[in-house]
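Let's take a walk through this one together, starting with the whole chain and then stopping at a few spots along the way.

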Amino acid sequence: MSNAKTLARPYAKAAFELAVAENATGRWSDMLGLASTAVTEKSLSVLLESPLATSNQIVGILAQTAGESFDARFNNFLAVLAENKRLSLLPEIANLYQGLREEADKLLRVRVVSAFALDDSQATRLKDALAKRFNREILLEAEVDRSVIGGAVVYAGGQVIDGSLRDRLAKLSNSLSN
């Protein structure tokens, strides 16, 4: 995975720079998402690995599949990927691109794992508190895991904020056994 990420990083950066120059970061995000979905389809992934298919043929098939969703500049981007045998990196490129876009837009994707689903009020309060702490707009992804018991575990960027009852009980158990 880290190798794919390393290989995909310069392409994601180039895609982001092209998108910013065109003032079309949202459109490029959509095009990258569609292309990455297409290359993960079994029939197309087999074609990507075929030594008989030329890069022009593969890009042509992708462009036909997308209809009018891809513009000329994006097709050129795909051609560069195809020529360098990097089309299979599109899912990783799309993921890295999204990270660059969120960083530029001062967005932070946060995953919250709690024992029970958050209601709208809880989600709003949590988003507001995290927005103040990280000085960014928060994109909240909630997940339910009954093993948390109570409270929540928040994954924000590279940080983990563990406010779960499971963690508190583990700390109490450790302090009692010492």
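**The overall picture**

For 178 residues, a compact globule would come out with a radius of gyration near 16 Å, but the protein chain here has 21 Å. Keep in mind as you look around that this is a predicted model. As for burial, 33% of the 178 residues count as buried.

What is the chain built from? It has eight helices and four strands, and reading along the sequence gives you the pattern α-α-α-α-α-α-β-α-β-β-β-α. If you take the contacts with a separation of 6 or more, residues 24 or more positions apart account for 68% of them.

Now for a pair of helices. In general, two packed helices are described by the angle between their axes and the distance between the axes. Helix α2, residues 25-40, packs with helix α3, residues 42-49, at an angle of about 80°, and the axes are 5 Å apart. That makes α2 roughly perpendicular to α3, because an angle of 65 to 115 degrees counts as roughly perpendicular. Which residues do the touching? On the α2 side look for A38, V39 and T40, which meet K42, L44, S45 and L48 in α3. By type, the residues of this contact divide into four nonpolar, two polar and one charged.

Going from S45 to L81 takes you 36 residues along the sequence, and the two are 14 Å apart in space, C-alpha to C-alpha.

Further along you reach helix α6, residues 90-104. Its 15 residues reach 21 Å from the first C-alpha to the last, close to the 21 Å expected at 1.5 Å a residue. Which residues of α6 are buried? They are L90, E92, I93, A94, L96, Y97 and E102, a list in which you'll spot E92 and E102.

Next, a few backbone angles. Most residues other than glycine have a negative phi. Just after α6, though, K106 takes a positive phi of about 55°. N135 has a positive phi of about 55° too, although it is not a glycine. You'll find N135 in the loop between α7 (120-134) and β2 (137-144). Is N135 buried or exposed? With a relative accessible area of 55%, N135 is exposed, because the cut-off for exposed is over 50%.

I149 belongs on this list as well: it is not a glycine, yet its phi is positive at about 75°. This residue is found in the loop between β2 and β3 (152-156). I149 has a relative accessible area of 43%, so it is partly exposed.

Last stop: R168, which lies in helix α8, residues 165-177. R168 is exposed, with a relative accessible area of 51%.

Conventions: Residues numbered from 1 in each chain as written. Predicted model: local features only at pLDDT ≥ 70, side-chain atom pairs only at ≥ 80, totals over all residues. Heavy atoms only, no water. Axes fitted to C-alpha atoms, helices over the stretch in contact; angles between N-to-C directions. Helix = DSSP H or I, 4+ residues; strand = E, 2+ residues; numbered from the N terminus. Parallel < 35°, antiparallel > 145°, perpendicular 65-115°, else oblique. Contact = heavy atoms within 4.5 Å. Nonpolar A, V, L, I, M, F, W, Y, C, P; charged D, E, K, R; others polar. Buried < 20%, exposed > 50% of the residue type's maximum accessible area, 1.4 Å probe, protein only. Expected span 1.5 Å × (residues − 1). Rg over C-alpha atoms; globule rule 2.2 N^0.38 Å.
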